[in-house]
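Welcome! Please take a moment with the sequence and the 3D structure below before reading on.

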Amino acid sequence: MTTPSQVLTLKIDGQDVTGRADETILQVARENGIHIPTLCFLDSLSPLGACRLCLVEIKGSPRLFAACVTYIAEGMEVLTKSDRLNKYRRMIVELLFAERNHICSICVANGHCDLQDLAREMGVTYVDFPYRYPRLGVDASHERFGLDHNRCVLCMRCVRVCGEVEGAHTWDVAGRGIEAHVSADLDFPWGDSDTCTSCGKCVQVCPTGALFKKGVAAAEMVKHRSFLVRLTAMREEAE
Amino acid sequence: MTKLKLATVWLDGCSGCHMSFLDIDERLLELVEKVDIVYSPLVDFKAFPDAVDITLVEGAVSNQDDLEKIKKVRAHTRLLVALGDCAVTANVPSMRNPFGVDQVVKRAYEENVTLQPQLPTQAVPPLLKRVRPVHDIVTVDVHLPGCPPSADAIFAALVALVEGRTPDVAALTRFGA
């Protein structure tokens, strides 16, 4: 029986590494300078395994595992790079672009967007799936911020930062499957929310231009996320 | 050495990609030592030639005219390059897609017009139901995203193609660049 603090030995990409039993493959990989692409994952938020970009291969299993939610095990052999993984990761990025209306050239987050960066990292220079072109709205009811559903990738970073860090739990996901969308309170206009504190944390953690500050023009929405690790560290110290 | 034949085509785009192509500046002189520009909105030839080595396509496929043009261009081109975000992703022109043609045409020709509002019946090619990226219609050999792709990216890609190499596009440009 392993205990959380027990030190385990495993191999990632052929490299011998060690980690605590309560650490995920992603954590141990990062501690050892091994890069695994991520989108929904953000340090200091609970891992979700939603975007599947961090999929890795584990020797002995035909399945792929999300590195952000899979704990390490003694003797595990992990592969973070392969043609198979690359194929799926590219496919995920392409599907995200095809699902909603991502018009980079006019987006507030152009040049500061995690989805754009991932496309470049994966070498996605065009999208091979037919675009869906759904008709989606923009919620501009909040005094200071806007929500453009066209640019949302449903990573749920906003939902998690609002519930876990701010403690307001204004955001949630409403609808199922392709109808899923982030919603304020009980699917109200954001500006009518009783719970929102207007702290802006969701805007800063959003990987794309879906959540933005009003008044910014194309390419001006630079996100600042250093507060997140700092806040978490200070809280841990206080405890 | 015989020069390669280069063409450029302008579909539904703002011409910004062609402007960026011109921004190659004095390197255009280097380029024309290797290629002849045989068809382009920037030159006078009226008909698309039979055998073109490289064609740069700016713009998305939005109307019947674009559709016929791109099929013809593909049939007579060895290497087809989707130049810029409109050709690669359908970009800004695709923003009409969620609304449907009828609503868009009404908005443009009736609701926003004070003098003789009417729908066009001649001269304007009918719009396709959806604006589509070029690779959705014909096979594309190289995608060069960007809005517009920088002159440096266009030049580097062209040099690679002229020398028979595949350009490393991800290193040169990205969506929205």
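This is a predicted model: local features need pLDDT of at least 70, side-chain atom pairs count only at pLDDT 80 or more; totals for chains, interfaces and linings use all residues.

Residues are numbered from 1 along each chain as its sequence is written, chains are lettered from A and ligands numbered from 1 in the order in which they are written, and side-chain values use heavy atoms, with hydrogens and water left out.

**The two chains**

Let us begin with chain A, which has 6 helices and 10 strands. Helices (H or I, at least four residues) and strands (E, at least two) are DSSP runs, numbered from the N terminus. Chain B has 7 helices and 7 strands, and along its sequence they come in the pattern β-α-α-β-β-β-α-β-α-α-β-β-α-α. The radius of gyration of chain B is 17 Å, close to the 16 Å from the globule rule for 177 residues, so chain B is as compact as a globular protein of that length. For chain A, the 19 Å agrees with the value near 18 Å that a compact globule of 239 residues would have. The radius is taken over C-alpha atoms, and the globule rule is 2.2 Å times the number of residues to the power 0.38.

| Chain | Span of the C-alpha trace |
|---|---|
| Chain A | about 55 × 50 × 30 Å |
| Chain B | about 55 × 35 × 30 Å |

Of the 239 residues of chain A, 49% count as buried; of the 177 residues of chain B, 47% do. Buried means under 20% relative accessible area, computed with a 1.4 Å probe on protein chains only. In chain A, among contacts between residues at least 6 apart in sequence, 60% join residues at least 24 apart. In chain B, residues 24 or more positions apart account for 79% of the contacts with a separation of 6 or more.

**Two pairs of helices**

Two packed helices are described by the angle between their axes and the distance between the axes. Here axes are lines fitted to C-alpha atoms, for helices over the stretch in contact, and angles run from 0 to 180 degrees between N-to-C directions.

In chain A, helix α4 (residues 157–166) and helix α6 (residues 226–238) pack at about 25°, with axes 12 Å apart. That makes α4(A) roughly parallel to α6(A), a term for angles under 35 degrees. Their crossing is left-handed, which is to say that the near helix is turned anticlockwise from the far one by less than a right angle. On the α4(A) side the contact is made by A:V161, A:E164 and A:V165, and on the α6(A) side by A:L228, A:L231 and A:R235.

Is A:K201 buried or exposed? At 13% relative accessibility, A:K201 counts as buried. Beyond its neighbours within four places in sequence, A:K201 is in contact with A:V161, A:V165, A:E166, A:F227 and A:L231.

In chain B, helix α2 (residues 27–34) packs with α6(B) at about 20°, the axes being 11 Å apart. These two helices are therefore roughly parallel to each other, and α2(B) passes α6(B) in a left-handed crossing. Residues B:R27, B:E30, B:L31 and B:K34 of α2(B) meet B:A151, B:D152, B:F155, B:L158 and B:V162 of α6(B).

**Around helix α3 of chain A**

Helix α3 (residues 114–122) of chain A has several buried residues, including A:L115, A:L118 and A:A119. What covers the buried residues of α3(A) includes α2 (83–99) and α4 of chain A. Just after α3(A), A:G123 takes a positive phi of about 70°.

Helix α2 of chain A is also the place of A:F97, which is buried, with a relative accessible area of 3%. Leaving aside neighbours within four places in sequence, the contacts of A:F97 include A:L115, A:A119 and, in the other chain, B:F175.

**A proline in chain B**

Where is B:P145 found? B:P145 is in the loop between β7 (142–144) and α6 (151–162) of chain B. With 2% relative accessibility, B:P145 counts as buried. Not counting residues up to four places away in sequence, B:P145 touches, among others, A:T125, B:G84 and B:F175.

Terms used:
Angles under 35 degrees count as roughly parallel, over 145 as roughly antiparallel, 65 to 115 as roughly perpendicular and the rest as oblique. Contact means heavy atoms within 4.5 Å. Buried means under 20% relative accessible area, exposed over 50%, partly exposed in between (1.4 Å probe, protein chains only).
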